[in-house]
Amino acid sequence: MNPYEVLGVNREANEKTIKEEYRKLARKWHSDLFHTEIEIQNAELKMKEINEAFSILKDAKKRAAYDAEHPVTVNVYEYYAKKQTKTS
């Protein structure tokens, strides 16, 4: 699980942005908004993932540990394709 992808934020996101995105997702996936048992179960699983991601990113030590263990990778092909379109 990549907490940045789960919350839809980039690695440079500040605490305020992370909290805002967490709240948006928490409102969207709250189990009270769903009616069937399967929808409720799916929402609960999604909220568990969202809460786990938020717990990592809201804590500076956990976030630093995650970032150290999962360095940013660059897709070389995308990088050069973007670079070529800018120079064209």
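This is a predicted model: local features need pLDDT of at least 70, side-chain atom pairs count only at pLDDT 80 or more; totals for chains, interfaces and linings use all residues.

Q: What cut-off makes a residue buried?
A: Buried means under 20% relative accessible area.

Q: And Y22, buried or exposed?
A: Y22 is buried, because its relative accessibility is 19%.

Q: How are the rings of Y22 and F54 arranged?
A: Their centres are 4.0 Å apart and their planes sit at 10 degrees, so the pair is stacked. Planes under 30 degrees apart count as stacked.

Q: Which helices do Y22 and F54 lie in?
A: Y22 is in helix α2 (residues 15–28) and F54 is in helix α3 (residues 37–58). The pair therefore ties together parts that are 32 residues apart in sequence.

Q: How many aromatic pairs are there in the whole structure?
A: A search finds three. One of them joins Y4 and Y66, a tilted pair with 6.0 Å centre to centre and 55 degrees between the planes.

Q: What does that pair tie together?
A: Parts that are 62 residues apart in sequence, because Y4 lies in helix α1 (residues 3–7) and Y66 in helix α4 (residues 60–69). Both Y4 and Y66 are buried.

Q: New topic. How many helices and strands does the protein chain have?
A: Five helices and zero strands. Along the sequence the pattern reads α-α-α-α-α.

Q: What share of the protein chain is buried?
A: Of its 88 residues, 24% count as buried.

Conventions
Residues are numbered from 1 along each chain as its sequence is written. Side-chain values use heavy atoms; hydrogens and water are left out. Helices (H or I, at least four residues) and strands (E, at least two) are DSSP runs, numbered from the N terminus. Buried means under 20% relative accessible area, exposed over 50%, partly exposed in between (1.4 Å probe, protein chains only). Rings of Phe, Tyr and Trp (its six-membered ring) pair if their centres lie within 6.5 Å; planes under 30 degrees apart count as stacked, over 60 as edge-to-face and the rest as tilted.
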